Amino acid sequence: MAAPVNIIVGSHVWVEDPALAWIDGEVTRINGQELHVHTTKGKTIVTNVSKVFPKDTEAPPGGVDDMTRLSYLHEPGVLQNLATRYELNEIYTYTGNILIAINPFQRLPHLYDTHMMEQYKGAGFGELSPHVFAVADVAYRAMINEGKSNSILVSGESGAGKTETTKMLMRYLAHLGGRSGVEGRTVEQQVLESNPVLEAFGNAKTVRNNNSRCMISLERSKF
Ligand SMILES: Nc1ncnc2c1ncn2[C@@H]1O[C@H](COP(=O)(O)OP(=O)(O)OP(=O)(O)O)[C@@H](O)[C@H]1O
């Protein structure tokens, strides 16, 4: 149900669309609870006032990197913001201290190289663009400063990118943990090699996924 807002003729709103999920348009007529919305796709949709959401016409064209800055934190507003950023290859977006990752379905090596890891090392949360390394860094720093173990929860639908995200988190944590190794293998290699063991014991079977995870535990005594 849409939030109660003052919808008048000329208001810009989002209307549900079976193909596109949400479509934006302008209110052209109001008849009691009934609205006529002329969409940007050229159609006129007749709907109920309770089914539309106000559109932020002043949202920045490239979206916002923290969705708590959106004027309206409703489903079409959030999806629009994520889609706008995705178009620009910005796959990460914050909502406060939660990171949302959209699966790019392509390799983006420049996002995860050593140079990037070094940039996020010790940077304040929110200082740089949203990134999985920033989440790992803040969890690691909190563990060190408070002397307590910490956890990072990675959730999402099957195929959303949890395993990839977890690999990046582990790679970054291994990078922070230092590169000196034993038997010719770096700490990073050893941590990443432990992934199948973690999957075997740490994952759960759910109705949507036989092999669902992902919790990263940062145990104070191991760092
Ligand atoms: N950050 C990313 N960069 C590049 N490719 C990605 C990224 N995240 C996901 N992918 C692509 O999407 C595929 C599916 O992602 P992944 O295996 O991580 O999903 P999952 O959420 O762990 O799925 P499941 O729950 O079914 O195990 C990967 O094999 C990879 O091709």
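A21 lies in strand β2. Strands here are DSSP E runs of at least two residues, helices are H or I runs of at least four, and both are numbered from the N terminus. A21 has a positive phi of about 75° although it is not a glycine. Most residues other than glycine have a negative phi. With 13 other C-beta atoms within 10 Å, A21 is partly exposed. The burial scale counts other C-beta atoms within 10 Å of a residue's own, placed from the backbone: 20 or more is buried, 12 or fewer is exposed, and partly exposed lies in between.

This is a predicted model, in which local features need pLDDT of at least 70, side-chain atom pairs count only at pLDDT 80 or more, and totals for chains, interfaces and linings use all residues. Residues are numbered from 1 along each chain as its sequence is written.

**Confidence and overall make-up**

pLDDT is the predictor's confidence in each residue, from 0 to 100. The protein chain has a mean pLDDT of 87, and 78% of its residues reach 70 or more. Where pLDDT is low, the predicted coordinates should not be read in detail. For the complex, the predictor gives an ipTM of 0.98 and a pTM of 0.84.

The protein chain has six helices and nine strands. Of its 223 residues, 20% are buried. Two residues are in contact if their C-beta atoms, placed from the backbone, lie within 7 Å. Among contacts between residues at least 6 apart in sequence, 43% join residues at least 24 apart.

**The five-stranded sheet**

Strand β2 belongs to an open sheet of five strands, in the order β4-β3-β2-β1-β5, with antiparallel pairing. β4 (44-48) and β5 (53-54) are the edge strands; each has a single partner, so one side of each is left without a neighbour in the sheet. Two strands pair if DSSP finds at least two bridges between them. Strands of a sheet pair through backbone hydrogen bonds.

| Strand pair | Bridges | Residues facing each other |
|---|---|---|
| β1 and β5 | two | W14 and F53 |
| β2 and β3 | six | I30 and L35 |
| β3 and β4 | five | V37 and I45 |
| β6 and β7 | four | Y94 and L99 |

**Hairpins and turns**

β2 and β3 form a hairpin with two residues between them. In its turn, G32 has a positive phi of about 65°. G32 sits in the loop between β2 (21-31) and β3 (34-39). G32 is exposed, with 7 other C-beta atoms within 10 Å. Its C-alpha atom is separated by 8.7 Å from that of V49, 17 residues apart along the chain.

The hairpin of β3 and β4 has four residues between the strands. Here G42 takes a positive phi of about 90° in the turn.

Strands β6 (residues 92-95) and β7 (residues 98-101) run antiparallel. Their hairpin has two residues between the strands, and G96 takes a positive phi near 65°. T95 has I98 in β7 as its bridge partner.

Beyond β7 comes F105, in the loop between β7 and α2 (114-120). F105 is exposed, with 8 other C-beta atoms within 10 Å.

**Nonpolar cores**

A nonpolar core is a set of buried Ala, Val, Leu, Ile, Met, Phe, Trp, Tyr and Cys residues joined through C-beta atoms within 7 Å. The largest has 17 residues. V132, F133, A136, L169, Y172 and L173 have the most contacts inside it. Two or more residues come from each of α3 (132-146) and α4 (162-176). Apart from this core lies another, of eight residues, among them W14, V27, V52 and F53. W14 and F53 are also the residues that stand opposite each other where β1 meets β5. In soluble globular proteins, nonpolar side chains tend to be buried together.

**Around the ligand**

Which residues are closest to the ligand? They are S158, G161, K162, T163 and E164, and 16 residues surround the ligand in total. A residue counts as near a molecule if its C-beta atom, placed from the backbone, lies within 6 Å of it. The shell divides into four nonpolar, nine polar and three charged residues. Ala, Val, Leu, Ile, Met, Phe, Trp, Tyr, Cys and Pro count as nonpolar, Asp, Glu, Lys and Arg as charged, and the others, Gly among them, as polar.
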